[in-house]
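Work through the exercises below with the sequence and the 3D structure open. Try each task before reading its solution.

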Amino acid sequence: MGFLGQHGLLMIALLPLIGFLINGTLSTAFGGNRSSKSMVTAVACAFPLLAFLLTVRIFFSLQAQNYDAIVEHAYQWAQIDTSSFNIDFYFDRLTAIMTLIVTGVGSAIHIYSTGYMKDDKSYGRFMAYLNLFLFFMLLLVLGRSMLVLFVGWEGVGLASYLLIGFWFEDRANAAAGKKAFVTNRIGDAGFLLGMFLLHKTLGTLDMDVINAAFNSATLPAVSASLVGILLFIGATGKSAQIPLYVWLPDAMAGPTPVSALIHAATMVTAGVYLTARLSGIYMHAPEASHVIAVIGVATAFFAATIALVQTDIKKVLAYSTVSQLGFMFLALGVGAYGVAIFHVVTHAFFKACLFLGAGSVIHSLSGEQDIRKMGALRKKIPITFFTFAVATIAIAGIPPLAGFWSKDEILWYAYASPNGGSPILWGVAALTALMTAFYMFRLLWLVFFGKSRVDHEVEHHIHESPASMTGVLIVLAVLSAVGGALQLGHYLEPQLPLPLVPESLEHLELTLKIVSIVLAVGGTLLAIFVFGGPPSRAESLAKTFAAPRRLLSGKYFVDELYNNLLAKPLAWISEHIFLGLGDRRLIDGTLNGIGSFGQFASGVLGKIQNGSLHFYALFVMVGVVSALLWSWSRA
Amino acid sequence: MDKQHQLLLWLSIALFSLGLLGVVIRRNALVMLMCMELMLNGVNLSLVTFMNQNGQAAGGVLVFLVFVVATAEIAIAIPIVLLLVKQKRSLDVDAYSDLKG
């Protein structure tokens, strides 16, 4: 047991932080770029890769000790009365999967970024932020205590804010960053309340202890559903579920690798991880679980409908991410925690691949993001096309690619789970799966097939991306293709048991599997039929459904609704009550009142001092006489 | 208290009151200064009377202190009045009311 043996988990988290500190100081502090680009690249990629290798090593030692969780004490943060707050790390099957994904996909995206961002003037700052994000994300997944998790939770929010507003010279980008941060803060309030409640009842925030407490014979004296709902509010913020999903589509203002890493593969799955990690609570909170399932499936459905009509390549993927996160929460809601994590992993592969592919497309078209100005790109950027197509097939749920396996299991448990599964949930989810296939193939066709609608000027510059980008795309495409073989739901079963399906339903499994394949293929064929044919076909379809199309293009006008229902009344209250009444009248008014009273009093008293000695002497006399009279009267 | 001392005290009150009245009523700076001396001497008289009555020396000491202070006061006040008169050729204190703070 050397240092790495004792503090291996700590080192995993700290390695990206070291990268951040080196790059952060050398390329942003002390007046600008102090290190060459190749140096920044080496530092930024080496530390995440080292963290990945270390994770793999620790994963094997976990396997060698029969998956007994590794607990590592790093530091005692505070000791208040009898409760101590420790920075401990915890490594079990669930953590292992999450850490491998974060460091693995994270490293891949770092390498991709070295190609994508190489011409940016703030290249060093970008890589430093990415490393910082990785540090906080690792803290989030490795922490044993909810407190450490929360530090990571807030830290990834910070990194997300910094990276969404990376090109902050444009006000819209800065506003998008702010929106993400503020929306997350609403969720965090729920998270904190849940955490307080748990600590008050159980006296600890260590998540394995909390799970054990809820699984013991005597249940803790706290409503599991209340805690579950409060923590889920936190999860809706971070993982972009109804009603707090609005920040994620706007978060696409950030550079594309950020969208891939933070807003698709890792950070947004933090809510899923949290719920799965605290499955002990949710197993005893059927009400909270129902809420999660319904919100999940509703989010999946609505986001998918919005994705049908978006014209920005990244917005389509953003709504698709929201929709897929909805699927994950559906799985959590029906008690299939392992399956949700399985979908997190496959989604990380194919959605990272899609986003990075989209980045490659944008890169080759010199910054164009509108899919109406693309088309026929498959011959010009073949590697991007090929990888994008693989990931599209994967997300559409066509076997045998990764997306099929995880999504099919989610659909199966949505139907058959004894913990709240129902045909209605399955029906909505299946419809969503159909739409997923439709909008993804619509995207694929509009970007890579048909006639070129690219601007002439741009057309000359179309070029395949450098090897650092395409290499990563190929790796992720391979993972999207074969990732389904991992079968993580069953791998996690000893830790996160899957719901026991009643025997009466088991005969349906094959039927439902066939139905979901039919739906995926059906959606695909429909999209190819509509968008593969002459353009008039899609246009006439758009005309027929003009009204719903407007509703969808406007994203159900949720932003406007929030603006009118929440933002404007709040602004009115701040303007009139807090500023007008509280600040101007009460605080300023009191102070100004004291001031003007002083001025008035001094005006009156000033008149007495008229310079006449007699007057002064008279006053002295009157004073002396009255003092005498007063003392006499009291004697 | 015997009659002699009582008379002396009444005299001292009369002196003090006359002086005070003079300071308040008269406008001539020199007269006002003299009235102030009158007030001081009224007080001195009362001090001496009490000393005589109680047979204690402390009152006498205080009287000498008052003499010294009064002398110093006049030594400063008269030059000030002289300088003021040099400015405006007037002994009326109201002429100098623009000297207020």
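Two residues are in contact if their C-beta atoms, placed from the backbone, lie within 7 Å. This is a predicted model, in which local features need pLDDT of at least 70 and side-chain atom pairs count only at pLDDT 80 or more, while totals for chains, interfaces and linings use all residues. Residues are numbered from 1 along each chain as its sequence is written, and chains are lettered from A and ligands numbered from 1 in the order in which they are written.

**Exercise 1. The two chains**

Task: Find how many residues of chain B are in contact with chain A, and sort them by type.

Solution. Step one is the count: 10 residues of chain B are in contact with 9 residues of chain A. Step two needs classes: Ala, Val, Leu, Ile, Met, Phe, Trp, Tyr, Cys and Pro count as nonpolar, Asp, Glu, Lys and Arg as charged, and the others, Gly among them, as polar. On the side of chain B that touches chain A, there are 5 nonpolar, 2 polar and 3 charged residues.

**Exercise 2. Chain A as a whole**

Task: Describe the helices, strands, box and burial of chain A.

Solution. Helices (H or I, at least four residues) and strands (E, at least two) are DSSP runs, numbered from the N terminus. Chain A has 27 helices and 2 strands. Along the principal axes, its C-alpha atoms fill a box of roughly 110 × 70 × 55 Å. A residue is buried if 20 or more other C-beta atoms lie within 10 Å of its own, exposed if 12 or fewer, and partly exposed in between; these C-beta atoms are placed from the backbone. Of the 635 residues in chain A, 49% are buried. Among contacts in chain A with a separation of 6 or more, 81% are between residues 24 or more positions apart.

**Exercise 3. Two helix pairs in chain A**

Task: Decide how α14(A) and α17(A), and then α16(A) and α20(A), are oriented.

Solution. Axes are lines fitted to C-alpha atoms, for helices over the stretch in contact, and angles run from 0 to 180 degrees between N-to-C directions. Angles under 35 degrees count as roughly parallel, over 145 as roughly antiparallel, 65 to 115 as roughly perpendicular and the rest as oblique.

- Helix α14 (residues 313-333) and helix α17 (residues 402-416) of chain A pack at about 45°, their axes 9 Å apart. α14(A) and α17(A) are therefore oblique to each other. On one side are A:Phe327, A:Leu330 and A:Ala331, and they meet A:Lys407, A:Ile410, A:Tyr413 and A:Ala414.
- The contact includes A:Thr387 and A:Val390 of α16(A), and A:Leu473 and A:Ala477 of α20(A). Its residues divide into 8 nonpolar, 4 polar and no charged.

**Exercise 4. Helix lengths**

Solution. α4(A) is mostly covered, with 20 of its 20 residues buried.

**Exercise 5. Helix α1 of chain B**

Task: Which residues of α1(B) are buried, and what do they pack against?

Solution. The buried residues are B:Ser12, B:Gly19, B:Leu20 and B:Val23. They pack against α27 (613-634) of chain A together with α2 (29-54) of chain B. The axes of α27(A) and α1(B) are 7 Å apart, at an angle of about 145°. In this pair, A:His614, A:Ala617, A:Leu618 and A:Met621 meet B:Leu20, B:Val23 and B:Val24. The contact has 6 nonpolar residues, 1 polar and no charged.

**Exercise 6. Backbone details in loops**

Task: Where is A:Asn66, and is A:Asn66 buried or exposed?

Solution. A:Asn66 lies in the loop between α2 (37-64) and β1 (70-80) of chain A. Its phi is positive, about 60°, although A:Asn66 is not a glycine. A:Asn66 counts as exposed because it has 7 C-beta neighbours inside 10 Å.

Task: Which residue does a cis peptide bond join to A:Pro243?

Solution. The partner is A:Ile242, and omega is about 5°. A:Pro243 lies in the loop between α8 (224-238) and α9 (247-250) of chain A.
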